[in-house]
Amino acid sequence: MIKTVIYSRVSSESERQDTERQTKELQQYAKRMNYEVVEVFEEKGSGFKKNDQRPVFSKMLELAKEGSIDKILVWELSRIGRSVLQSLQNIQLLHDLKVGLYIKNFNLETLNEDKTPNSLSMFMAVSYTHLTLPTICSV
């Protein structure tokens, strides 16, 4: 069984935003795919921070570095980084660790079943972050 974690994040600590919907839909996806959810990580705070300034994200990365998980499930690409460079660096780090990333809003896996990078996923990541960066920066 594929071991996964769910990472949900909202950028604001206000009561208007919470991670519940992201987490619930990712849990439903994991169940449909017969994945084992090892842990759920939920974080409130800006994705513009560096990884080491995001304690929940850092804890999740530690599981990946330990080899305890096969895949991370996220709602959208901006959950793992709000800049093109940060997103690509995080995807590359996960690929180096042979940990896949499932991006729900694209229905996209960053690694193929044989753990090789899905080249389409990198193209989509760059395109998405490039196109949405002006919108993200204005929020």
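This is a predicted model: local features need pLDDT of at least 70, side-chain atom pairs count only at pLDDT 80 or more; totals for chains, interfaces and linings use all residues.
Author: Residues are numbered from 1 along each chain as its sequence is written, and side-chain values use heavy atoms, with hydrogens and water left out.

Reader: Why is glutamate 43 called buried?
Author: Buried means under 20% relative accessible area, exposed over 50%, and partly exposed in between, with a 1.4 Å probe and protein chains only. Glutamate 43 has a relative accessible area of 6%, so this residue is buried.

Reader: What makes the pair formed by the side chain of glutamate 43 and the backbone nitrogen of valine 56 a polar contact?
Author: A polar contact is a pair of N or O atoms within 3.5 Å; within protein, one must be able to donate a hydrogen and the other to accept it, and residues adjacent in sequence count only if both atoms are side-chain atoms. The backbone nitrogen of valine 56 lies 3.1 Å from a polar atom of the glutamate 43 side chain, and 3.1 Å is within 3.5 Å. Contact, by contrast, means heavy atoms within 4.5 Å; leaving aside neighbours within four places in sequence, glutamate 43 has contacts that include Tyr7, Arg9, Arg54 and Phe57.

Reader: How do you know that the span of helix H1 is close to the expected one?
Author: Helices (H or I, at least four residues) and strands (E, at least two) are DSSP runs, numbered from the N terminus. The expected span is 1.5 Å times one less than the number of residues. H1 (residues 20-32) has 13 residues and reaches 18 Å from its first C-alpha to its last, close to the 18 Å expected.

Reader: Why are the buried residues of H1 said to line one face?
Author: Gln22, Thr23, Leu26, Tyr29 and Ala30 are buried in H1. Seen down the axis, they fall within an arc of 125°, so they line one face of the helix; the arc is that of the directions from the helix axis to the C-beta atoms. The face turned away from this buried side carries exposed Glu20, Arg21, Lys31 and Arg32.

Reader: What makes E4 and E5 paired strands?
Author: Two strands pair if DSSP finds at least two bridges between them. E4 and E5 run antiparallel and are joined by 2 bridges, which meets that criterion. Isoleucine 103 stands opposite leucine 108 in E5. On the other hand, E3 and E4 pair in the parallel sense over 4 bridges, with leucine 73 opposite tyrosine 102 in E4.

Reader: Why do E2 and E5 count as edges of the sheet?
Author: The open sheet has 5 strands in the order E2-E1-E3-E4-E5, with mixed pairing. E2 and E5 each have a single partner strand, so one side of each is left without a neighbour in the sheet.

Reader: What makes a set of residues a nonpolar core?
Author: A nonpolar core is a set of buried Ala, Val, Leu, Ile, Met, Phe, Trp, Tyr and Cys residues joined through side-chain atoms within 4.5 Å. The largest such core has 18 residues, and Ile72 and Leu101 have the most contacts inside it. Helix H2 (55-66) gives the most to this core, with 5 residues. A second, separate core of 7 residues includes Ile6, Tyr29, Tyr35 and Leu73.
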